[in-house]
Amino acid sequence: MKQFSVAIDGPAGAGKSTVARKVADFFGFTYVDTGAMYRAIAWKALQDGVDINNEQAITALAESLHFELDPKGIRVNNLQLTDEIRTPQVSTLASTVATMVGVRQVLVKKQQEIAQIQSVVMDGRDIGTHVLPQANLKIFLTASIEERAMRRYKELLHKGLTADLKTLQEEIRHRDENDQNRVHAPLRQAEDAVLVDTTNRSLEQVVESIIQLCRHQMGVME
């Protein structure tokens, strides 16, 4: 079978990265964490003192970075990035970076090039609608704001970081609004995407359901 592509979209905290990684591992596909790419740009801007609101400067920064796929996270210019790009501050800034047309054009090109040469599971906000509109399978993964905030709250506490549940809910609500209302490639469910609500469902249940959807689509293609 030729390259197979799975596009998983959805709002912040829906579990896209964890689910996508497990589905990719199951099939031996390459997992492409597009969100980590935007987070890495935001983190690098902070480190270098680049004005996060200067789209021209941020776009130039994105063009200068070399991204490598890594099971542990993401490597940028040979630097391994993991927890440092998952802080609340970087999350908020990444949402701003993701609204910049120039930055998105740079990263979308890199993401499409990856999918042209290998089978992928790619997650983000606009994969099925913009990055990989011809994906073999499109999933829209979602959950309630309360559920997503609680997951993030537990994740931060587990890492030894302080967190406030109500603040996290507001941050997620704000990110949803930014993602849904941005002019370029806003967050929305593709017409041919399968809606998967992860509220009150275990990770194993969600992963298994998507694996079955993949198998069905692969059977159709054969």
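Helix α8 gives the most to the lining of the largest pocket, with six residues. The model is predicted: local features need pLDDT of at least 70, side-chain atom pairs count only at pLDDT 80 or more, and totals for chains, interfaces and linings use all residues. Residues are numbered from 1 along each chain as its sequence is written, and side-chain values use heavy atoms, with hydrogens and water left out.

A pocket is an open set of points on a 1 Å grid over the protein atoms alone, where a 1.4 Å probe fits, with protein on both sides within 12 Å along at least five of seven lines; lining residues have an atom within 4 Å of a point. Volume is the space filled by probe spheres set on the points, which are joined across faces, edges and corners. Helices (H or I, at least four residues) and strands (E, at least two) are DSSP runs, numbered from the N terminus.

| Pocket | Volume | Lining |
|---|---|---|
| Largest | about 1,100 Å³ | 50 residues |

Nearest the centre of the largest pocket lie Gly-13, Ser-17, Arg-39, Arg-86 and Glu-155. Elements that give two or more residues to this lining include α1 (16-27), α2 (34-48) and α8 (165-181).

Among the elements giving two or more residues to its lining are β2 (30-33) and α5 (101-117). Strand β3 supplies the largest share of that lining, four residues.
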